[in-house]
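Open the model in your viewer and keep the selection panel at hand. The tour goes from a helix pair to a sheet and then to the ligand.

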Amino acid sequence: MKQVSPAANWTLTPEEYFPGGALGPSDSVIRSANGAIISKSGGAYLHTVQGDTYLDFVMGGSALILGHCHPDVTSAVSQHVPKGTHYYQIMHEPAVRFAAALKETIPCAEKLIFTSTGSDAISQALRIARAATGREEILRFEGAYHGTSEVALVAMQSSGNATPEQADTAGVPVASAKLVRAFSYGDLHDVAAVLAAHSETIAAVLVDPVQRWCKPDGAFLKGLRELCTRYGVVLIFDEVVSGYRLQLDGAQGFFDVQPDLAAYGKIIGGGLPIGVVAGRAAIMDVANAMTRHGTGLVTTTGTFNGNALACVAGLATVEALLDDQIYARLSRLGQITRDRLQETFDRHGIQAAVGGIESFWQVHFAESEPRNYAEVLRTDRERAKRMDAELLRRGIFVLPGGRRSLSTAHTEDDIEHFIGVVDKMCEDGKC
Ligand SMILES: Cc1ncc(COP(=O)(O)O)c(C=O)c1O
């Protein structure tokens with residue numbers, strides 16, 4: 001065995017340990033902007049080993065709707081730690097209690113399957129849809145991010161390519177990519193035409209109801225529901241971001257559309273890793289190991305699926321979100337943020353469309369908020385990235401080009417501080 005250096009020599013130098021010195025593509029931007037390394041967080045703020053403090057609008061990739069270290073969540077987790085952190089594939093109390101809370105609050109949840117991440121939940125939902133229909137093709141929308149499964153990485157970035165043969169990432173086989181048909185978000189006409197011609201090969205329509213940079217379209221979601229019902233195709237909502245974010249019953253409640261399956265992650269882990277597939281019992285039954293065996297069964301095991309601490313944190317989060325005032329307050333703060341930002345850009349004569357919904361906000365350097373990915377590509381994304389890098393340098397934590405999330409820990413004073421920073425940046429010609 002090679003000589004192991006003493007622990008005292010293990011240094012805080014990410015470039016020695018990770019490809020590109022980063023935890024992933026988003027982090028690589030931060031590494032090049034100022035190399036921040038987080039030491040701790042609290043409320044709406046992040047603190048770094050370098051001694052800097054950031055007002056956080058990333059909020060754990062939109063997972064931390066109650067802010068960092070919410071006392072209900074940290075206390076539920078610390079109380080459970082002495083009872084065990086992880087049990088592995090045996091039914092446990094936190095899993096059942098959490099499942100009850102999820103079933104109460106997710107409209108389509110007749111049955112639930114725990115996974116460990118949102119990506120896992122999407123992969124499992126797709127596999128369940130394929131097993132339940134006996135079909136293989138998946139229909140999805142350009143520019144949506146659905147995690148890291150092979151299907152999810154086809155047409156994540158491309159546009160105007162209805163039958164892509166290549167994924168947007170290296171390492172995905174052409175054979176997998178060929179099973180995906182991608183459409184423009186909002187384009188019901190093309191989806192209807194393809195379903196009419198090929199429904200016997202299409203297992204599922206996968207859609208994020210609040211797709212990244214696009215303006216959400218409730219009528220489109222309703223249209224997809226009707227088409228999927230007509231052609232016996234499984235409608236899957238990716239509620240990894242919208243779930244418990246728009247309102248307690250997520251996009252399903254907000255847009256009043258019920259999918260057959262929905263994938264969750266982020267918020268429902270209360271800051272710990274978890275994912276869930278929720279859906280109609282008749283479809284979810286393909287994962288019922290009591291009645292199905294061998295190749296008739298969709299295997300959904302995973303060492304950390306339904307991890308006890310994640311269930312405890314998720315349950316504490318959902319319980320806190322039952323407070324009626326929370327979503328009203330988040331919605332108001334979102335509106336204030338968007339209005340103040342738009343007013344600031346307008347005052348400086350900068351053409352920008354501030355978008356977002358409920359507790360999201362986003363800046364597009366364009367005349368109006370894009371409705372689909374082709375329109376997203378026509379916005380000035382380089383300018384947006386430059387602005388975001390400058391925000392990072394001025395103590396505002398955003399991921400370049402990303403959507404920003406508020407939490408119950410953000411205050412109107414935080415927003416005023418942020419607007420002051422943007423105002424000064426506009427003055428300095430940095431927006
Ligand atoms: C809409 C959406 N779906 C799925 C995922 C994947 O979730 P995870 O990162 O937990 O695997 C993400 C992650 O950002 C997401 O934004």
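Two residues count as in contact here if their C-beta atoms, placed from the backbone, lie within 7 Å. Helices (H or I, at least four residues) and strands (E, at least two) are DSSP runs, numbered from the N terminus. The model is predicted: local features need pLDDT of at least 70, side-chain atom pairs count only at pLDDT 80 or more, and totals for chains, interfaces and linings use all residues. Residue numbers start from 1 along each chain as its sequence is written.

**Helix pair.** Select residues 71-80, helix 3, and residues 308-321, helix 11. On helix 3, Asp72, Val73, Ala76, Val77 and His80 make the contact; their partners on helix 11 are Ala308, Leu309, Val312, Ala313, Ala316, Thr317 and Ala320. By class, this contact has nine nonpolar, two polar and one charged residues (Ala, Val, Leu, Ile, Met, Phe, Trp, Tyr, Cys and Pro count as nonpolar, Asp, Glu, Lys and Arg as charged, the others, Gly among them, as polar). The two axes come within 9 Å and cross at roughly 150° (lines fitted to C-alpha atoms over the stretch in contact, with angles from 0 to 180 degrees between N-to-C directions).

Next, show the open sheet of four strands, ordered 1-2-3-13 with mixed pairing (two strands pair if DSSP finds at least two bridges between them). Strand 1 (38-42) and strand 13 (396-397) are its edges. Strand 2 (residues 45-48) runs antiparallel to strand 3 (residues 53-56) over three bridges, and Leu46 stands opposite Tyr54.

**Ligand.** Finally, select the 13 residues around the ligand; Thr117, Gly118, Ser119, Gly147 and Val240 come nearest (a residue is near if its C-beta atom, placed from the backbone, lies within 6 Å). Helix 5 (residues 118-133) gives the most to this shell, three residues.
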